[in-house]
Amino acid sequence: MDMQKIEIPARARAGVLIVDDTPSKLLALGAIVSDMGLEIVTATSGEQALRQLLKRDFAVILLDVNMPTMGGFETATLIRSRPRLERMPIIFVTAGANSDVERLSGYALGAVDFINSPISPGILRAKVRVFVDLFNLQSQVLLHNEHLESLVAQRTAALTEEIAERKCAEQKVKRLNRIYAVLSGINMTIVRTQGRQELFADACRIAVEHGQFRKAWIGLLDPSGEVLTPVARAGCEEGHLDQINLTTLDDEQNAWVLVARALREKTPIVCNDIGTDPQMALWREEALRRGYRSLVVFPLVVGGKVVGLLALYASEKDFFDAEEMRLLGEIAGDISFALEYIEKEDRLNYLAYYDVLTGLPSRILFHDRLGQALTYGKHDEGRLAVLLIDLDNFSNINDSLGHTAGDQLLQQITTRFAGSLRESDTLARLAGDEFVWILVNLASEDDASVAAQEILKLAAEPFTIDGHELFVTCSIGIALYPRDGADAETLLKNADAAIHHAKDQGRNNVQFCSAEMNAKALQRLTLENNLRNALKRQEFLLHYQPRVDLCSGEITGMEALVRWQHPEQGLVPPGKFIPAAEDSGLIVPLGEWVLHTACAQNKAWQVAGFKPVCVAVNLSARQFRQQNLVELVTRILQETGLDAAYLELELTESMIMQNVEATIATLNQLKAIGVKFSIDDFGT
């Protein structure tokens, strides 16, 4: 029987769907991938993208995160809701750095990668090429399967060949997926890396873990270009590199010819059979003992000059075929790209986005961060505040002590402010002595007032510049989202109006842009000041709420409850002053007073002849996190003479679940001295 090669129908042309609401970005992204032989389809909104996806499949979707009406995450959610589109690759395109929360949200929606602006054409093409190749191979496998099913009954002999081709294609898909995992992982490292060493270590680790290589290492040349030093390695190594003279001079003793050639000739050198290749003669036995069967060396080239190499080892012979070499070459090229631009590009970005004097984000980066915060705020219905901070009479310092002293003062102020900055917030320097603080995820609008008062306190502490003690005050204007504006421009305008009001009020104060919030902030500040005086004047007292046995009517215990005997307002319940005490930190000395007073009273009742019972004292979250809590409780028990068995500390469930390991350690120490516990708000 004359068996002819089975012809497979032509597959659909691979396409890329680019989704962005900005026409210029659509053109730019399309231009980058225009020479890759793809069918490029664009959409200016999530709705348009969904209509395009109803018509056909795409190799990959480049999806902008920040779009009006329907954002990238919402669009991705709708895409994933359709069974046919559950696994279609999505690469999110976004401006600026991504927070861990944003990345986790994207990956939860099935994103395969993030690309941050400014976009490197080389990296973008490499990422797109991987998915195009994967799409083509998967299409080929699908067509093979469909065609085979129609020919099984007629052509048994041809079936064997088709199955072999299908298995080959499937193996290629697996290999492509494996190398993609390496390429994607290393590119993510390049995007987020803070330095070369981190890049090197992660690249080697990813190559071994995801690429299934036996070993990976990276070496850098010294300034002479002759001596190679390993700087990162991963996998089965066992001191192999320590036995080799790593140099570009292949005529030296113990020199590794294969490595020397790759570095001198600026070209990859492959050895697909270590057992027979003469280039491995000196190192064959040691290599085979460690399970190395094939090897490839890629030179790392920066600016036309070889600066180092990437070496990969496999546990199989003939491992590095043409397709593998092409993809691995892209990985080596990406590492070289990162080496070239990690300092140059970071420096340019730093100058563009950061203030050189203080290291804080500049006006450009501030607007970007504020835009991102507003996007998340709208999506999560969260609150945020913009605090505009202006140093009072700063020009007097420049005029009297000079601009150098003024610069030093700005740097010291920055250090103080940044010390109280939450990880999620942004502090930026807009110009001169003007700073701005973005506070996100506010539990209440009062949080902005508390933060502003903290800034006033930080600024009020004296500074020392060239032997001069300087005292500085600042004026702060606050605008709240969404109360005072729904966009960045409106919030800044209202914060600026508020800061002018603060200056009109005599400087060194905080003003909101609304009279209602100013009155509320003044009330909060007055309450905090009165609390401080109340501690000094001993205006607090304890009420004891008994625990009664309902059968016998006997008192079995009691709970100590703090009250404030205000000289003008009378008895103030805790709900009105405890939150202010928590925010200001006064809860710590107040809590110590409550604990000491309750223990002393309980001991006095026992001495007077009453039946000993347990007294319960509430601990706040701030008190519980004190490092000296156990020592404090022990000292108070010793001072009052109360047996630890008659003290019960009442905690809330949410408090003890914040840091479980630390909580267990503290509770075990308190339990060891005999203190009892109870949990309030259980189940909330």
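**Figure 1. The loop that holds Pro 482 in the predicted model.** Pro 482 is placed in the loop between strand S16 (474–481) and helix H15 (488–504). Helices (H or I, at least four residues) and strands (E, at least two) are DSSP runs, numbered from the N terminus. The peptide bond that joins Tyr 481 and Pro 482 is cis, with omega at about 5°. Helix H15 also contains His 501. His 501 counts as partly exposed because its relative accessibility is 32%; buried means under 20% relative accessible area, exposed over 50%, and partly exposed in between (1.4 Å probe, protein chains only). Between His 501 and Gly 477 there are 7.8 Å in space, C-alpha to C-alpha, and the two are 24 residues apart in sequence.

This is a predicted model, in which local features need pLDDT of at least 70 and side-chain atom pairs count only at pLDDT 80 or more, whereas totals for chains, interfaces and linings use all residues. Residues are numbered from 1 along each chain as its sequence is written, and side-chain values use heavy atoms, with hydrogens and water left out.

**Figure 2. The β-α-β unit of S1, H1 and S2.** Strand S1 (residues 15–19), helix H1 (residues 23–32) and strand S2 (residues 39–43) make a right-handed β-α-β unit. A crossover is right-handed if, with the strands pointing away from the viewer, the path from the first strand over the helix to the second runs clockwise. S1 and S2 run parallel and are joined by five bridges; two strands pair if DSSP finds at least two bridges between them. Gly 15 has Glu 39 in S2 as its bridge partner.

**Figure 3. Two loop residues with positive phi.** Gln 212, although not a glycine, has a positive phi of about 60°. Its loop runs between helix H7 (196–209) and strand S6 (215–221). With a relative accessible area of 60%, Gln 212 is exposed. Asp 466 is also a residue other than glycine with a positive phi, near 50°. The loop of Asp 466 lies between strand S14 (463–465) and strand S15 (468–470). Asp 466 is exposed, at a relative accessible area of 57%.

**Figure 4. The salt bridge of Asp 57 and Arg 84.** A salt bridge is a side-chain nitrogen of Lys or Arg within 4 Å of a carboxyl oxygen of Asp or Glu. In the salt bridge between Asp 57 and Arg 84, the closest N and O atoms are 2.1 Å apart. Asp 57 lies in the loop between helix H2 (46–55) and strand S3 (60–64), and Arg 84 in the loop between helix H3 (72–80) and strand S4 (90–95), so the pair ties together parts that are 27 residues apart in sequence. Asp 57 is partly exposed, with a relative accessible area of 34%. Arg 84 is partly exposed as well, at 45%.

Figure 5. Lys 127 forms a salt bridge with Asp 113, and their closest N and O atoms are 2.5 Å apart. Arg 205 and Asp 202 form a salt bridge in which the closest N and O atoms are 3.7 Å apart. Arg 205 is partly exposed at 32% relative accessibility, whereas Asp 202 is buried at 12%. Elsewhere, a network of salt bridges links Arg 129, Asp 133, Arg 326 and Glu 330. The search of the whole structure finds 21 salt bridges.

Figure 6. Met 657 is placed in the loop between helix H21 (653–656) and helix H22 (660–672). Met 657 is exposed, at a relative accessible area of 52%.
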